[in-house]
Structures are given as structure tokens and as C-alpha cells.
Amino acid sequence: MRILLINPPVPDINAIRDHYRADEEMELNKRELIGPPLALNDIAGALRNEEVRIADLKFENDEQKNFDFEKATYDELTSFSPDIVGITCLTAHVNSAKKILKVVRDFNQKILTVIGGLHTTLNPHDFSMPEVDLVVIGLGKRTMRSVVDAFKADTSRPDFAKIPGLGIRVNGELKFTRQQSEMSRKEIKEEHYLYYDKDEYFPDRDLTSRYNYIIEQNNFKVHYINTSLGCTDKCSFCGLWKFASGYYIPREVPSIIREIKTMDEYPAIRMVDSHTYGNIENSRLMFQSLIDENIQHGYIVDVRTDTVVKHPDVFELSAKAGVKVAILGFEATTDEELEKYNKKSSIANTIQAIDTLHDAGIWCAGNYIIGPHYEEKDFERVEKFITDHPILFAGFTVMTPYPGTPQYEAMKDQIINTNLDYYNLVNSVVKTKLPEDVFYNRVVDLYKLSQLARVEFMKQAGMKRPEARKDT
Ligand code: B12
Ligand code: SF4
């Protein structure tokens with residue numbers, strides 16, 4: 001079978017960037033939002049005996065001005081002639097994905113079309129449309145393997161009904177098979193998740209090696225790895241815990257180590273977990289094993305502030321193992337805001353976590369959510385906080401109620417922009433309390449201040465970014 005997997009483009013709509021003066025560079029440069037579509041590498045890992053191609057149209061669109069992704073899709077279809085097209089989908093991808101699906105259907109009615117990802121899992125009905133045959137809900141690796149096998153067995157009347165985690169389009173409606181949400185933790189781990197732990201199914205990263213995923217500042221080649229599934233918490237604005245049916249399931253450490261051993265060509269590895277340290281003993285074992293086996297990469301991890309505060313020793317160990325940057329969702333600058341987000345942490349933890357990570361030699365990339373209700377006093381409070389607690393990179397996302405999250409349910413009546421092209425964390429889809437221009441200019445001010453704070457922080461800490469490795 002020939003299977004074409006597509007990462008759709010995210011439309012380049014960015015109100016924050018548009019409020020920078022023409023002669024100023026936005027600190028959050030575009031390159032930092034470029035990386036491999038691990039979902040597709042991952043699925044391809046389970047399809048190694050098939051002919052698979054990955055088209056990263058997001059990458060191409062980010063790199064080339066006026067990139068025509070519909071034409072690029074058509075060209076891929078013509079040259080590769082796939083039997084199946086699979087598309088991955090976040091919320092900001094939805095409209096591009098729908099256009100791609102139309103191109104595929106118009107090209108050849110017989111191609112089986114499959115769409116999966118975070119958005120389809122939380123909102124499967126958004127893809128109840130004639131151009132879609134199967135919607136994948138939840139983990140996709142085993143599901144896609146089963147779909148391909150069923151299609152291979154009978155292309156004219158494939159039987160998908162026994163494959164869990166699907167919405168099958170029958171007579172214009174989605175018919176759901178047994179869902180991941182009906183499975184116990186044990187079952188997800190045994191039946192789906194452990195599928196990730198067989199070496200022959202590790203992500204196929206070669207399929208995207210023609211794209212240049214690098215961390216621009218130091219020219220490091222980067223790739224991603226999953227070391228866990230789900231999260232320990234249930235923040236109101238986040239869909240990741242729902243995706244994993246509320247479970248946190250860490251991977252077995254030996255399998256993580258074996259997978260990292262296949263990633264020699266990537267000096268930088270980002271652990272794209274919701275929470276890399278959700279099971280602290282597993283994390284301790286993972287970082288100790290990396291040290292014991294002398295496996296050397298620079299790692300980027302995702303962590304909650306309360307975990308850092310509770311387990312400072314694990315972060316010293318992590319730094320020894322090569323962790324260079326920790327990504328943290330700070331989200332807010334008051335405890336009341338954190339409570340509203342159901343973050344189950346505190347500002348005291350934020351401050352302590354920054355200090356603990358810096359003491360360990362780990363740089364922080366922390367994100368703050370800027371609400372549409374923010375007034376001058378709120379911006380001033382954030383400004384003071386980021387100046388008082390400078391880090392390597394403070395980022396600011398505009399509060400975006402993503403469909404399928406509790407925040408969406410709470411805010412849906414306030415949404416004034418339902419065009420999902422704008423749901424990329426840099427545009428407000430709810431009316432801002434300050435005049436729009438003032439609101440975005442204040443976010444721009446935050447970015448500028450964050451840059452100054454970073455320069456000051458690096459000077460004080462005597463730090464500089466690591467040099468590029470000679471062989472990259
Ligand atoms: C790494 C990452 C990135 C990378 C790379 C993304 C890429 N693919 O190009 C970078 C830094 C570039 C990035 C950018 C953005 N990101 Co991002 N990113 C992540 C992160 C940290 C991990 C995603 C990941 O790789 N997961 C691992 C894979 C294996 O999991 P998965 O995608 O869920 O795939 C599984 C299933 O969903 C399913 N599946 C998925 N696709 C398909 C397709 C088929 C055919 C099948 C069968 C199954 C299937 O099977 C897979 C394996 O089981 C998440 C947060 C997190 N911790 O998860 C945010 C996250 C996904 N990003 C988010 C956002 C908003 C963005 C941006 C839009 C932000 C922006 N300002 O532009 C951009 C655009 C991304 C894009 N793809 O175009 C949001 C999405 C929210 C939403 N509801 O849509 C998240 C959840 C973070 C958040 N703040 O909430 N991101
Ligand atoms: S801790 Fe992070 S990943 Fe977990 S639910 Fe909250 S925001 Fe989502």
C-alpha cells in the first residue's frame with residue numbers, strides 16, 4: 001500500500017506580530033515554531049512494511065512566501081499516487097485540512113482518507129463530511145496499522161467496524177467504534193500504548209529528513225520523542241489530559257533509552273510530553289540511565305512548577321544528563337488566575353521553580369496566558385513579574401478557548417471569531433476589554449521587555465547559548 005501522510009499548513013495570521021513596527025523583529029521568531037510532525041513519524045513507524053511518504057506542508061508554508069499548499073497536495077498525489085491519505089490535525093489546521101481533503105477527493109474518489117490528532121479527538125464531528133472516510137479518535141499508531149490491514153484485505157468493502165478509536169462515515173453520519181475513553185488505564189497501556197515500545201515500531205524519522213528542522217540560534221538539528229502519555233492534571237484551557245482520557249502513563253524507561261539510541265544525528269531532542277516528570281521515579285530512572293549509558297544530547301523537557309519545587313534533586317540529575325531547557329506553563333501572575341485555570345499550583349511555586357532550575361543550570365522557557373479581559377493594571381503586573389523573575393525566554397499566548405476544553409464551554413458565548421484559522425494562540429477570538437490595538441501593543445511591549453530581561457539574565461548568569469556542533 002502507498003500511504004501519504006500530510007501535516008497541513010497553519011495559516012499565517014498573527015495579530016501580535018502585526019503590531020510590531022515594520023523595522024522591528026518579533027522576538028518569537030518563526031523558526032522557533034518549526035519542528036517535525038512527530039505524530040506522522042510515529043504513525044509511519046507502525047507502517048514500515050508499506051510505502052509511506054510524509055509531506056510537511058506546514059514546514060513548506062512557513063519557509064516559502066505564497067506557498068500554494070493545494071497545488072503541492074495535488075503534485076504529491078500525482079507523483080506518489082497513494083492508496084491512503086492520512087492527515088494530522090490541530091485546531092489551527094482544520095480549514096487547511098478540509099481544503100486538502102477536497103483536493104484528494106477530487107483527484108481520486110477511491111483514495112481512503114483518514115484524519116487524526118488532538119482536534120479530531122476532541123471534536124470528531126468537525127470532520128463529518130463527504131471528503132473524510134475515517135476520523136481517528138485518540139492514539140493513532142495501532143489504529144492506523146489496523147486500518148491499513150483492513151483496507152489491504154479488501155479495498156472495495158473494507159471492514160473497519162472492529163477497530164477501536166474510529167469514527168466511520170456511514171450514510172452521511174459518523175458511526176463510532178469502541179472508543180479509547182471506554183478503555184481502562186491498563187487496557188490503554190497494554191493494547192495501545194505498549195505498541196510504542198516495540199523497537200520495530202519506533203517513529204520513522206528518516207521520512208522527514210529532507211526537511212531542515214533546526215534550532216536556529218545554534219543550528220542544532222532537532223527531533224522529538226514522547227516519553228509519556230497524558231497529564232497528571234486537568235487545566236481548564238488544555239485538551240491534552242482529555243486526549244489521554246485523564247490518565248498519565250509513562251513509557252518504560254528501557255524502551256525510551258533504546259529509542260534515543262536511534263537518534264544520534266540529533267544533538268537536540270525535545271521530549272514533547274504534556275508533563276515529562278509526571279511520574280517522578282520513572283523520570284529519575286530515565287535521566288540516571290542516560291547518564292549511566294553516557295548518551296549525550298541536549299534535551300528540552302516539559303514540566304510543571306510544583307514538580308520542580310517538590311523534587312529539586314531530580315532536576316540536578318536531569319541537568320547532569322543533558323537537560324538544557326525546561327518548558328513551563330507559568331500561565332499567570334496571581335494565585336486567583338491560577339485557580340481559575342485549575343492549575344493546582346501557586347505563584348510561590350513559579351518563583352521557586354525558576355530559582356531551582358537556574359541553580360541546577362537549566363534554562364527556563366515559560367509561558368504566560370494573556371486574557372482578553374486584561375486591563376492596563378494586569379499588563380503592568382505581568383511586566384513587573386517578568387522583570388523581577390527574568391528567564392531565558394518568557395512567551396505570551398493570547399487566551400484561546402479551544403473547542404473541546406472546559407474553558408471553551410465556559411467562554412463559548414463570548415467568542416466573536418469562530419474562524420479556526422485564528423486559533424493559534426496569537427490572536428484573540430474573544431472581544432478584548434482594552435481597544436484591540438492597545439491590547440496587542442501591550443503584548444508587543446511584553447515581548448520587548450522579555451527580551452531585555454533575557455539579556456540581563458544571561459549577563460548576570462554569565463551564560464551564552466551553546467555553540468553549534470561542528471558536525472551539524
Ligand atoms: C511539538 C509541538 C509543536 C511543534 C511541532 C508541531 C508540528 N507537528 O509541526 C511546534 C513547536 C512547531 C509547534 C507549533 C505549533 N503548535 Co504545538 N505543540 C507541540 C507539543 C509540545 C507536542 C505535539 C506532539 O508532537 N505530540 C506527539 C504526537 C505523537 O502526538 P499527537 O500529535 O497527539 O499524535 C498522536 C494522535 O493524535 C494521533 N494522530 C495525530 N495525527 C494523526 C493522523 C492520522 C492519520 C492518524 C491515524 C492518527 C493521528 O496519533 C498520534 C500518535 O498516537 C504540543 C503540546 C503537547 N505536550 O502535546 C503542542 C500543541 C499541539 N501545539 C499547539 C499549538 C496551538 C501550536 C501552534 C498552532 C502555535 C502557533 N502559535 O502557531 C503551532 C502550529 C503547529 C503545527 N503543527 O502546524 C497546541 C494545540 C492546541 C489545539 N487544540 O490545537 C498544543 C496542544 C499546545 C497547547 N498550548 O495547548 N507545536
Ligand atoms: S499541566 Fe500542562 S499539560 Fe497538564 S493539563 Fe495543565 S496545561 Fe495541560
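**Entry 1: the shell around ligand 1**

I looked up which elements build the shell around ligand 1 in this predicted model. Helix H2 (38-45), strand S3 (84-88), strand S4 (112-116), helix H6 (118-122) and helix H7 (141-153) each give at least two residues. H2 supplies the largest share, four residues. I then asked which residues come nearest to ligand 1. Of the 41 residues around it, the nearest are Ala39, Gly86, Thr88, Gly116 and Gly140.

I sorted the shell around ligand 1 by class. It has 22 nonpolar residues, 14 polar ones and five charged ones. I also checked which domains take part. Domain 1 (2-186) and domain 2 (213-461) each give this shell at least three residues.

**Entry 2: strand S3**

Next I took S3, one of the elements in the shell around ligand 1. Is S3 mostly covered or mostly open? I found it mostly covered, with five of its five residues buried. I looked at its two sides in turn. Ile84, Gly86 and Thr88 are buried on one side. Val85 and Ile87 are buried on the other.

Then I looked for the strands that pair with S3. Strand S1 (residues 2-7) pairs with S3 in the parallel sense, over four bridges. There I noted Val85 as the bridge partner of Leu4. S4 also runs parallel to S3, and five bridges join the two. Here the bridge partner of Ile84 is Leu112 in S4. I followed the chain from S3 to S4. It passes through helix H5 (residues 94-107), and this β-α-β crossover is right-handed.

Strands of a sheet pair through backbone hydrogen bonds, and the pairing is parallel or antiparallel.

I turned to the domains. The domain assignment gives domain 1 (2-186) and domain 2 (213-461). Their C-alpha centres lie 25 Å apart. How many residues does each domain bring to the contact? I noted 28 residues from domain 1 and 31 residues from domain 2.

I looked at the domain 1 side of this contact. Helix H1 (15-18), H5 and H6 each give two or more residues to it. H6 gives the largest share, three residues. By class, this side divides into 15 nonpolar, ten polar and three charged residues.

**Entry 3: around ligand 2**

Which residues are around ligand 2? I listed Cys231, Asp233, Lys234, Cys235, Cys238, Leu240, Trp241, Ser274, His275, Arg304 and Gly329. By class, I have five nonpolar, three polar and three charged residues in this shell.

**Entry 4: a sheet of seven strands**

I traced an open sheet of seven strands. Its order is S8-S9-S12-S13-S14-S15-S16, and the pairing is mixed. The edge strands are strand S8 (214-215) and strand S16 (393-398), each pairing on one side only.

I went along the order and noted some pairs. Strand S12 (residues 268-271) and strand S13 (residues 298-303) are parallel, with three bridges. The bridge partner of Ala268 is Gly298 in S13. Strand S14 (residues 323-331) and strand S15 (residues 363-370) are also parallel. Six bridges hold that pairing, and Ala326 stands opposite Cys364 in S15.

S15 pairs with S16 as well, again in the parallel sense over six bridges. Ile370 stands opposite Val398 in S16. I checked how far S15 is covered. It is mostly covered, with six of its eight residues buried. S15, helix H16 (residues 376-388) and S16 form a right-handed β-α-β unit.

**Entry 5: two positive phi values**

Last, I looked at backbone angles. Most residues other than glycine have a negative phi. Asn294 has a positive one, near 55 degrees. It is found in the loop between helix H11 (280-292) and S13.

Is Asn294 buried or exposed? Asn294 is exposed, because 6 other C-beta atoms lie within 10 Å, and the cut-off for exposed is 12 or fewer.

Phi of Asn342 is positive too, near 55 degrees. Asn342 lies in the loop between helix H14 (335-340) and helix H15 (347-360). I counted its neighbours in the same way. Asn342 has 14 other C-beta atoms within 10 Å, so I put it down as partly exposed.

How values were computed:
Residues are numbered from 1 along each chain as its sequence is written. Chains are lettered from A and ligands numbered from 1 in the order in which they are written. This is a predicted model: local features need pLDDT of at least 70, side-chain atom pairs count only at pLDDT 80 or more; totals for chains, interfaces and linings use all residues. A residue is near a molecule or strand if its C-beta atom, placed from the backbone, lies within 6 Å of it. Ala, Val, Leu, Ile, Met, Phe, Trp, Tyr, Cys and Pro count as nonpolar, Asp, Glu, Lys and Arg as charged, and the others, Gly among them, as polar. Domain bounds come from an automatic or database domain assignment. A residue is buried if 20 or more other C-beta atoms lie within 10 Å of its own, exposed if 12 or fewer, and partly exposed in between; C-beta atoms are placed from the backbone. Two strands pair if DSSP finds at least two bridges between them. A crossover is right-handed if, with the strands pointing away from the viewer, the path from the first strand over the helix to the second runs clockwise. Two residues are in contact if their C-beta atoms, placed from the backbone, lie within 7 Å.
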